[in-house]
Amino acid sequence: MAGEPQADCLFCKIVAGDVPATLVHETATTVAFRDINPQAPTHVLVIPRAHHRDAASLAAADPQAAADVLRAAGEVAAAEGAEAYRLVFNTGAGAGQTVFHAHVHVLAGRGLEWPPG
Ligand code: AMP
Ligand code: ZN
């Protein structure tokens with residue numbers, strides 16, 4: 001069920017502390033940790049503690065939690081000293097989503113091309 005921890009979800013396991021991660025920011029509703037395969041000098045994932053399959057599903061089910069994720073992403077970028085940064089929500093396998101627990105990538109610390117690939 002949406003919002004409930006999923007036994008087979010990697011990011012639910014990180015929220016629970018069952019899989020280690022380098023946490024950089026936490027709130028009552030969000031957790032942020034460094035991506036294991038960084039694509040930029042700063043590459044942090046911000047996730048809701050509750051399980052939702054993607055960003056739009058999160059926003060539909062819990063708009064406050066979606067806002068909390070965005071606010072946390074901004075706080076992470078500020079803490080990293082990023083003057084400019086990019087937030088990415090890959091949604092669907094065809095767009096590169098590999099973990100189906102909503103998350104935003106916070107990318108910074110290098111030139112960021114536009115449009116992205
Ligand atoms: P996406 O491809 O948008 O679903 O993003 C999933 C991200 O999770 C990828 O950038 C992976 O590198 C990252 N990732 C996978 N496993 C871990 C892990 N154990 N700890 C931190 N990041 C991870
Ligand atoms: Zn999950």
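Which protein atoms are the donors of the zinc ion (ligand 2)? The legends below take up this question and then turn to other parts of what is a predicted model.

**View 1. The zinc ion (ligand 2) and its protein donors.**

**View 2. The zinc donors along the chain.** The spacing of the donors of the zinc ion (ligand 2) reads C-x2-C-x38-H-x49-H. His51 belongs to the loop between S3 and H2, whereas His101 belongs to the loop between strand S4 (86-88) and S5, so this pair ties together parts that are 50 residues apart in sequence. Both of these histidines, His51 and His101, are buried.

**View 3. The surroundings of His52.** His52 is placed in the loop that runs between strand S3 (42-48) and helix H2 (55-61). Its relative accessibility is 7%, and His52 therefore counts as buried, the limit for this class being under 20%.

**View 4. The largest nonpolar core.** This core holds 14 residues, of which Val44, Val46, Leu58, Val76 and Val106 touch the most other members. At least two residues of the core are supplied by each of S3, helix H3 (63-79) and strand S5 (104-108), and the largest share, 7 residues, comes from H3. With neighbours within four places in sequence left aside, Val44 is in contact with Val24, Ala32, Phe33, Arg34, Asp35, Val76, Val104, His105 and Val106. Another core, of 9 residues, lies apart from the largest one and includes Cys12, Ile14, Phe33 and Leu45.

**View 5. The residues around ligand 1.** Among the 15 residues around ligand 1, those that come nearest are Asp35, Asn90, Gly96, Thr98 and His105. In the side chain of Asp35, an N or O atom is 2.5 Å from an oxygen atom of ligand 1. A polar side-chain atom of His105 lies 2.8 Å from an oxygen atom of ligand 1, and for Asn90 the distance from a polar side-chain atom to an oxygen atom of ligand 1 is 2.9 Å.

Methods. Residues are numbered from 1 along each chain as its sequence is written. Chains are lettered from A and ligands numbered from 1 in the order in which they are written. This is a predicted model: local features need pLDDT of at least 70, side-chain atom pairs count only at pLDDT 80 or more; totals for chains, interfaces and linings use all residues. Side-chain values use heavy atoms; hydrogens and water are left out. Helices (H or I, at least four residues) and strands (E, at least two) are DSSP runs, numbered from the N terminus. Buried means under 20% relative accessible area, exposed over 50%, partly exposed in between (1.4 Å probe, protein chains only). Contact means heavy atoms within 4.5 Å. A nonpolar core is a set of buried Ala, Val, Leu, Ile, Met, Phe, Trp, Tyr and Cys residues joined through side-chain atoms within 4.5 Å. Donors are N, O and S atoms within 2.8 Å of the metal (3.2 Å for Na, K and Ca); water is not among the atoms, so sites may look incomplete. A residue is near a molecule or strand if one of its heavy atoms lies within 4 Å of it. A polar contact is a pair of N or O atoms within 3.5 Å; within protein, one must be able to donate a hydrogen and the other to accept it, and residues adjacent in sequence count only if both atoms are side-chain atoms.
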